[in-house]
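Please look over this model with attention to its annotated sites and the elements around them. The questions below are meant to be worked through with the coordinates open.

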Amino acid sequence: MRQDARVLVLAGGLSYEREVSLRSGRRVADALSRANVHAELRDVDTNLLPDLIADPPDAVVFALHGGNGEDGSLRSVLDLIGIPYVGPDADAARRAWDKPTAKALLRDAGLPTPEWIALPRETFSDLGAAKLLDRIVDKLGVPLAVKPARGGSGLGVAVVRTAEELPAAMIGCFAYGDVALVEAFAPGKDIAVGVVDTGDGPRVFPAVEIEPSGDAYDFAARYNPGASTWHVPARLAPRVSEDVAAVATAAFRTLGLRDLSRIDMMVPQAGPPLVLEAKVVPGMTETSLLPMACEAAGHDLGELMAGLVDRAIARAK
Ligand SMILES: Nc1ncnc2c1ncn2[C@@H]1O[C@H](COP(=O)(O)OP(=O)(O)OP(=O)(O)O)[C@@H](O)[C@H]1O
Ligand SMILES: [Mg+2]
């Protein structure tokens with residue numbers, strides 16, 4: 001099937017993560033080509049839909065981070081016109097993309113996630129920010145992590161160490177989205193786990209541990225070589241490593257994910273891992289975590305993606 005399949009790798013678009021997405025897309029398209037799949041990188045613009053209708057590819061692979069690519073909307077459009085794609089369906093993508101929704105589902109399934117409150121910008125303007133921020137600090141304490149409810153690449157994420165820093169962090173966060181997610185800060189190791197399902201149920205790649213050289217694993221730390229150190233596999237005791245794998249697969253199942261995803265978590269010195277989020281379009285750049293984990297597991301990224309493309313095409317039949 002794969003020799004004649006034509007795959008469109010969607011990337012770019014207009015989100016804040018456009019540049020990262022193009023880098024992810026290039027890497028995925030190259031990897032697929034090396035695995036003998038005819039893959040084309042395609043930017044997401046207003047010509048996309050007419051082109052898809054006129055000349056439908058056999059399958060779509062998302063390397064489109066943010067908005068359209070992760071929130072389910074483009075998946076709904078592909079469903080509408082009958083083009084198979086790798087990754088979860090529109091509903092599952094939407095659940096994972098909205099961090100407060102995903103966190104509530106995970107918590108209800110018994111998977112720990114940091115305590116949180118999610119508030120839209122209007123609530124602050126309607127009710128007055130000062131009292132509200134005071135109550136948030138009373139309830140969740142400090143430090144806090146403030147981030148857009150929907151987003152990625154660490155954009156708009158801030159760690160707040162004192163109550164006085166909270167207003168500025170909220171303003172920074174609202175620059176990237178209309179809803180802020182304020183979370184209790186979870187100390188520990190920053191761990192990302194790739195979960196793949198090539199047909200026998202979800203299984204994990206070796207966990208990646210992120211050791212930022214600065215304070216936070218922000219945008220610069222993610223994409224500037226040398227700004228972070230990664231450990232694959234993560235430096236975890238065997239028991240903890242098992243917990244991390246179990247939590248990652250449970251989160252994948254709870255959110256109804258499919259094919260491939262990356263589960264981010266904080267792993268404390270003692271106690272269970274706390275899930276931060278699930279990425280349905282994980283970064284695939286040269287410094288991204290999932291390709292690192294894939295390689296550490298001894299898999300070729302192109303072969304893995306080609307297998308998932310085959311599955312997507314078979315699903316549609
Ligand atoms: N509650 C928290 N406690 C401690 N650290 C946190 C918390 N939330 C976020 N962080 C830190 O900030 C980083 C980015 O957070 P998060 O994964 O939620 O944002 P993101 O923008 O979706 O990032 P990415 O797309 O790169 O995964 C985490 O990897 C972690 O280092
Ligand atoms: Mg993350």
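The questions and answers that follow concern a predicted model.

Q: Which residues coordinate the magnesium ion (ligand 2)?
A: The unreviewed UniProt entry lists two residues under "binding site", and of this set one, Glu-277, is taken in by the lining of the second largest cavity. In the model the donors are an OD atom and an OE atom, at 1.9 to 2.1 Å from the magnesium ion. The pair links distant parts of the chain, 13 residues apart, with one residue in strand E12 and the other in strand E13. The coordinating residues are Asp-264 and Glu-277.

Q: Is Asp-264 buried or exposed?
A: Asp-264 belongs to strand E12, which covers residues 260-267, and leaving out residues up to four places away in sequence it touches Ile-191, Ala-192, Leu-274, Val-275, Leu-276 and Glu-277. Its relative accessibility is 8%, and because buried means under 20%, Asp-264 counts as buried.

Q: With which side chain does the side chain of Asp-264 make a polar contact?
A: Along E12, Asp-264 points one way together with Leu-260, Arg-262 and Met-266, whereas Ser-261, Ile-263, Met-265 and Val-267 point the other way. The polar contact of the Asp-264 side chain, at 2.7 Å, is made with a side chain from the group that includes Asp-264 itself. That partner is Arg-262.

Q: What is the relative accessible area of Glu-277?
A: Glu-277 lies in strand E13, residues 274-279, and, apart from its neighbours within four places in sequence, it is in contact with Lys-99, Arg-262, Ile-263 and Asp-264. Like Asp-264, Glu-277 is buried. Its relative accessible area is 11%.

Q: How many of the residues of E12 are buried?
A: Strand E12 pairs in the antiparallel sense with strand E8 (residues 189-196) over eight bridges, with Val-196 standing opposite Leu-260. The residues that point one way from E12 and those that point the other way are all buried, so the strand is largely enclosed by the rest of the structure. The count of buried residues in E12 is eight of the eight.

Q: Which residue in the turn of the hairpin formed by E12 and E13 has a positive phi?
A: Strands E12 and E13 run antiparallel and are joined by five bridges, and Ile-263 stands opposite Ala-278 of E13. Six residues lie between the two strands of this hairpin, and the phi in question is about 100°. The residue is Gly-271.

Q: What is the largest C-alpha distance among the "active site" residues?
A: The unreviewed UniProt entry places the feature "active site" at Glu-17, Ser-153 and Ser-288. Although these residues are spread over 272 residues of sequence, they cluster in space, with a largest C-alpha distance of 13.4 Å.

Q: Which residue has its backbone nitrogen 3.3 Å from a polar atom of the Ser-288 side chain?
A: Ser-288 lies in the loop between E13 and H12, where it is buried, with a relative accessible area of 6%. The backbone nitrogen in question is that of Met-284.

Terms used. Residues are numbered from 1 along each chain as its sequence is written. Chains are lettered from A and ligands numbered from 1 in the order in which they are written. This is a predicted model: local features need pLDDT of at least 70, side-chain atom pairs count only at pLDDT 80 or more; totals for chains, interfaces and linings use all residues. Side-chain values use heavy atoms; hydrogens and water are left out. UniProt positions are given in the numbering used here, feature names are shortened, and annotations may be inferred rather than shown by experiment. On a 1 Å grid over the protein atoms alone, a cavity is a set of points where a 1.4 Å probe fits but cannot get out, and a pocket is an open set with protein on both sides within 12 Å along at least five of seven lines; lining residues have an atom within 4 Å of a point. Helices (H or I, at least four residues) and strands (E, at least two) are DSSP runs, numbered from the N terminus. Buried means under 20% relative accessible area, exposed over 50%, partly exposed in between (1.4 Å probe, protein chains only). Contact means heavy atoms within 4.5 Å. A polar contact is a pair of N or O atoms within 3.5 Å; within protein, one must be able to donate a hydrogen and the other to accept it, and residues adjacent in sequence count only if both atoms are side-chain atoms. Donors are N, O and S atoms within 2.8 Å of the metal (3.2 Å for Na, K and Ca); water is not among the atoms, so sites may look incomplete. Two strands pair if DSSP finds at least two bridges between them.
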